[in-house]
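I opened this notebook to record what I looked up in the structure, entry by entry.

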Amino acid sequence: MTLRPLISFLRDFRKSVRGAISVEAVVIVPILFWALNATYEFFEIYRYKSIREKASYTIVDLISREQADITQTYLDGAKEIFDDFTHDTGNNQLRVTILTYNSADDEYAVVWSAIRGDGPLKQLTTEEMKNRHAILPMLPNGGQLIQVESYSEYQTRLNIPQKGPLPVSTRVFTSP
């Protein structure tokens, strides 16, 4: 038996371009599918955060315009508005804090802080806020600031290498 027919077959096979599109499709289609899904997922994450920022701005605006005292019932209602605005009944958490600035000590102090919802946010204390100049806007002496923070968890649709849901937090400020 001679090897000539086998060598001839292999030479012809090497030169052949039949099926090249099929091979390229097998390689490229999964990459395109993954890229399309990743693009969608990243868009959804930014949309999720954007909605929470807008809801936080709404809450801080409501509080800044309030003429009466902010009661526990008012804060419960603000949390319900936040949940309705975000179309999410998951684990949303709100923290509303009133801060004041003392220019003599160059420190911020907490006037009061309240939390609604379940999550990792705890009531702020003056000790935690004293020297947070990097994240707080400049205020005049005795000036006050309303800070609304939110915390939510985004459940990814793709299998992103991460443990658990993606934490999404916002922080907005306004003057009373």
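**Pocket and a serine**

I sorted the lining of the largest pocket by residue type and found 8 nonpolar, 2 polar and 2 charged residues, where Ala, Val, Leu, Ile, Met, Phe, Trp, Tyr, Cys and Pro count as nonpolar, Asp, Glu, Lys and Arg as charged, and the others, Gly among them, as polar. I noted that this is a predicted model, in which local features need pLDDT of at least 70 and side-chain atom pairs count only at pLDDT 80 or more, while totals for chains, interfaces and linings use all residues. Residues are numbered from 1 along each chain as its sequence is written, and side-chain values use heavy atoms, with hydrogens and water left out.

Among the residues that line the largest pocket I listed Trp112, Gln144 and Pro176. The elements giving two or more residues to this lining are β2 (107-116) and β3; strands are DSSP runs of E, at least two residues, numbered from the N terminus.

I then turned to Ser152, which lies in strand β3 (residues 144-154). Ser152 counts as buried because its relative accessibility is 1%, and buried means under 20% relative accessible area (1.4 Å probe, protein chains only).

Which side chains make a polar contact with the side chain of Ser152? I found that of Arg52 at 3.1 Å and that of Asn92 at 2.5 Å, a polar contact being a pair of N or O atoms within 3.5 Å, where within protein one must be able to donate a hydrogen and the other to accept it, and residues adjacent in sequence count only if both atoms are side-chain atoms.

Key. Helix = DSSP H or I, 4+ residues; strand = E, 2+ residues; numbered from the N terminus. Buried < 20%, exposed > 50% of the residue type's maximum accessible area, 1.4 Å probe, protein only. 1 Å grid on protein atoms, 1.4 Å probe; cavity = no way out; pocket = protein on both sides within 12 Å on 5 of 7 lines; lining within 4 Å.
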